[in-house]
Amino acid sequence: MLLLLTTLLAYGAEEWRLVDAQPKHARHPVLLVVTPGYDPAAYEPLTEFLVKKGRDVHVLSFYCLPYSSEQITRGLEEAASTMPDGFTVVAHGIGALLPLLIDDQLDVDQYVFLGPTLATHSSAAAEKAMLGSAGPEMDLTVSIDQWKSGRSVDISVPRLFGDADVASVLLGSNPPLQDCASGPVAAELQDWYQAGRPPIDYTKITTPVWIGVGLFDRLAPVEALIPASRELPNRELIRLGITRLDARDLDHLGLLRDKIAAKAAAKAVKKGAGL
């Protein structure tokens with residue numbers, strides 16, 4: 001039986017609700033941050049592996065409501081304040097940006113990131129997806145005006161680039177998204193994408209950062225991610241995949257759901273905690 005603590009932050013709520021069921025004899029607390037817009041169930045393979053390795057896992061997720069990044073990071077700070085001393089933050093993709101957006105203010109021992117979107121390169125599919133532009137090759141029902149209106153937006157309808165779903169092109173096959181996403185955050189992501197990176201000074205992040213990257217990751221491509229990661233004063237970067245003698249190379253979703261990535265992340269947590 002999978003035992004974990006799930007934290008749900010309700011938009012506009014005065015407090016958040018905890019459901020606590022920890023594994024016995026767990027060692028070293030982990031705060032696992034679910035990327036807003038992702039189905040928390042997508043993190044089960046990673047969570048199960050961490051729990052199996054004896055980690056004390058706390059999963060932080062957000063309701064599908066119109067958050068801004070400031071509201072989300074405020075919730076992250078609140079959740080982190082309840083964690084035991086000496087914990088690790090584990091995150092994937094855009095979710096890895098959340099603790100960095102608050103200038104490394106969490107009282108955390110280390111960060112373990114899988115495919116963090118520290119920087120990106122332009123692609124035709126991503127550009128059309130982020131800009132919300134419609135065209136003969138693109139079926140986009142969400143406009144940027146709707147994103148900026150402060151509402152949640154429907155992402156359940158596939159958006160095509162040629163014959164391929166945009167989400168599948170960027171994230172991998174069968175991406176585990178919710179049926180809606182935050183309008184304000186979507187607008188912020190558009191601005192960050194156009195700038196090539198989020199508004200974070202990586203040189204100020206003094207907490208140790210472990211990063212796992214995948215050769216087939218189109219949302220956090222190694223050509224953009226690796227140079228940006230060099231700005232982190234205390235970072236370790238691992239290329240997961242065949243060059244490391246793993247069984248296969250990984251795309252963005254594989255970095256979340258593949259056992260190769262889960263095993264590497266669990267090893268990094270253990271090493272960073274001195275276990």
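Biologist: What makes H8 largely enclosed by the rest of the structure?

Modeller: The count of buried residues. In H8, 6 of the 8 residues are buried, so the rest of the structure largely encloses this helix. Buried means under 20% relative accessible area, exposed means over 50%, and partly exposed lies in between (1.4 Å probe, protein chains only). The buried residues are Val 222, Ala 224, Leu 225, Ile 226, Ala 228 and Ser 229. Their cover includes E11 and E12. Contact here means heavy atoms within 4.5 Å.

Biologist: What kind of model is this?

Modeller: It is a predicted model, where local features need pLDDT of at least 70 and side-chain atom pairs count only at pLDDT 80 or more, while totals for chains, interfaces and linings use all residues. Residues are numbered from 1 along each chain as its sequence is written, and side-chain values use heavy atoms, with hydrogens and water left out.

Biologist: How many helices and strands does the protein have?

Modeller: There are 10 helices and 12 strands. Both are DSSP runs, numbered from the N terminus: helices are H or I with at least four residues, strands are E with at least two. Of the 275 residues, 52% are buried.

Biologist: Why is Phe 113 called buried?

Modeller: Its relative accessible area is 1%, which is under the 20% cut-off, so Phe 113 counts as buried. Phe 113 sits in strand E6. Leaving out residues up to four places away in sequence, it touches Ala 91, Ala 96, Pro 99, Leu 100, Val 209, Trp 210, Ile 211 and Gly 212.

Biologist: Is Thr 120 buried or exposed?

Modeller: Buried. Its relative accessible area is 17%, and the cut-off is under 20%, so Thr 120 passes. Thr 120 lies in the loop between strand E6 (110-114) and helix H4 (124-131). Beyond neighbours within four places in sequence, Thr 120 contacts Tyr 193, Gly 196, Leu 219, Pro 221 and Ala 224.

Biologist: How do you know that Glu 231 and Arg 197 meet in a salt bridge?

Modeller: By distance. The rule asks for a side-chain nitrogen of Lys or Arg within 4 Å of a carboxyl oxygen of Asp or Glu. Glu 231 and Arg 197 are at 3.0 Å, N to O. Glu 231 is in the loop between helix H8 (222-229) and E12, and Arg 197 in the loop between helix H7 (183-195) and strand E11 (209-214), so the pair ties together parts 34 residues apart in sequence. Glu 231 is partly exposed at 29%, and Arg 197 is partly exposed at 27%.

Biologist: What makes Lys 271 and Glu 236 a salt bridge?

Modeller: Their N to O distance is 3.8 Å, and the limit is 4 Å, so the pair qualifies. Lys 271 lies in helix H10 and Glu 236 in strand E12, so this pair ties together parts 35 residues apart in sequence. Lys 271 is exposed at 60%; Glu 236 is partly exposed at 32%. By this rule the count comes to 4 salt bridges.

Biologist: Which residue meets Asp 246 in a salt bridge?

Modeller: Arg 244, at 2.9 Å, N to O. Asp 246 is buried at 16%, while Arg 244 is partly exposed at 37%.

Biologist: Why is Leu 245 called exposed?

Modeller: Its relative accessibility is 78%, which is over 50%, so Leu 245 counts as exposed. Leu 245 lies in the loop between strand E12 (235-240) and helix H9 (254-257). Leu 245 also has a positive phi of about 70°, although it is not a glycine.

Biologist: Which residues form the positive surface patch?

Modeller: Arg 27, Lys 52, Lys 53, Lys 259, Lys 263, Lys 267 and Lys 270. Patch residues have over 30% relative accessible area and no salt bridge; like charges are joined within 9 Å, and nonpolar side chains (Val, Leu, Ile, Met, Phe, Trp, Tyr) within 5 Å. Lys and Arg count as positive, Asp and Glu as negative; His and the chain ends are not counted. Helix H10 (residues 259-272) gives the largest share of the patch, 4 residues.

Biologist: What makes Lys 53 partly exposed?

Modeller: Its relative accessibility is 46%, which falls between 20% and 50%, so Lys 53 counts as partly exposed. Lys 53 is in the loop between helix H1 (44-52) and strand E4 (56-62).

Terms used. Areas by Shrake-Rupley, 256 points an atom, 1.4 Å probe, with all protein chains shown as cover. Charge placed at Lys NZ, Arg CZ, Asp CG, Glu CD.
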